[in-house]
Amino acid sequence: MSPPNGVLGANFNGDPKIMTWAGLEQAEATWVRGFAAMPDFDEGDKEDSNSHLAVDTLLGAVNRDYGAVLSLKFPYFPKKNEPIPRPGTEEMKKDLARVDAVLTKVMGEVDLLVIGNEPFIECPEDDRTNGAINDFYEAVAQHVIDYRTKKFPDGCKTVLYMGALNYLDDPKWIHSGTERWMKYVRETPEIEGTDIHPHVNKPDGAQVYLDYILPRLGDKKFLATEFSLVHLWGDHLEEKIPAAYAQKYKVPADTEVWQVIRNALDEAFPKERWYDFLRESPWFEGNKHYLSEQMAKFRATEKLAVATYGIGQDAAMSENEFTEKSTPWLLNSIYASATVRPEPNGHAAPNYAWLEDFKRAQTS
């Protein structure tokens, strides 16, 4: 397979169960992306975890001639009160052993291996700017580079990216840590580029990400393994629902958007009711081609390798009580397994607008 250039694929994040081969075929997808959490690969860990399933699913995708992207997730979240490991420590050795457990399965099989999922989110706050996050991910990257070189001295199909940068539209998230991150990407020959996750609140919101990374990439490329208008959707959760929708479905006129979503999660809607809800919402209907329009902007840089878009409504989106403060990720997905009743054939119904736009964006 030739190096990817401007490809759009499907992303199942950490839950491969939301994706089906039939759904991928219907969407005309050719690439698949997911992430795996490294603590799930401790010796003796249960092999039915989502992380193990993510790896197995991506290997299955490779066997079906899909391109495959795997992101390695190190979940040292601030609220967990766990410092990110320092090179040379026992904790670092544990993480590298976990990485090795994954590399034995995927190196030489998957097309792209992304070192990190969302590092600056999945990291104690102080460690973002004191050098610790960079020390950690650079050590992991060097370990992966050394592993690949030793196992595949004559070359390997699996290429390496660092990933992913978040919140670049907020000046607080651009600092010494991100500058060193980009310097490492630019100056390390074995690293092909960086990943970005522009989840934004306006249609041109991802431009800030591009403005930051492109001058710092040198001759490297970028991935966008997650991108969406989720924060724009979130800005409208407490608005009143469209009058036409309220009248048609005999819903109180003062019902708010978030309440409709919660009701659909409590009892999945018929497809046309869900479609009417989104079709009559100007904030959604006016942006229903965001996916294809953003892909055109990514491709115009001539630096995009692969972008991937959410394939389904996973458990993290749909199993917790939905409130006016929830992040409405489920409005992004190509399929709507949680908010819409299954199709007559049992397959998940398409989520309004995105399936056709995803197909359109394969070639446009």
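**Rings, strands and a buried glutamate**

User: What makes K73 count as lying over the face of F35?

Analyst: K73 lies 4.6 Å from the ring centre of F35. A charge sits over a ring if NZ of Lys or CZ of Arg is within 6 Å of the ring centre and within 35 degrees of the ring normal, so 4.6 Å meets the distance limit. R273 lies over the face of F269, also at 4.6 Å from the ring centre. Please keep in mind that this is a predicted model, where local features need pLDDT of at least 70, side-chain atom pairs count only at pLDDT 80 or more, and totals for chains, interfaces and linings use all residues. Residues are numbered from 1 along each chain as its sequence is written, and side-chain values use heavy atoms, leaving out hydrogens and water.

User: Why is E226 called buried?

Analyst: Its relative accessibility is 9%, below the cut-off, so E226 counts as buried. E226 is in the loop between β7 (221-224) and α7 (230-234).

User: What makes E226 and R33 a polar contact?

Analyst: Their side chains come to 3.3 Å. The term covers N or O atoms within 3.5 Å, one able to donate a hydrogen and the other to accept it within protein, with sequence neighbours counting only if both atoms are side-chain atoms; 3.3 Å is therefore inside the limit.

User: Why is the pair of F284 and Y352 called tilted?

Analyst: Its centres are 6.2 Å apart and its planes 35° apart. Rings of Phe, Tyr and Trp (its six-membered ring) pair within 6.5 Å; planes under 30 degrees apart are stacked, over 60 edge-to-face, the rest tilted, so 35° is tilted. F284 lies in α11 (residues 282-285) and Y352 in the loop between α13 (315-318) and α14 (354-360), so the pair ties together parts 68 residues apart in sequence. F284, at 0% relative accessibility, counts as buried, as does Y352 at 10%.

Methods:
Helices (H or I, at least four residues) and strands (E, at least two) are DSSP runs, numbered from the N terminus. Buried means under 20% relative accessible area, exposed over 50%, partly exposed in between (1.4 Å probe, protein chains only).
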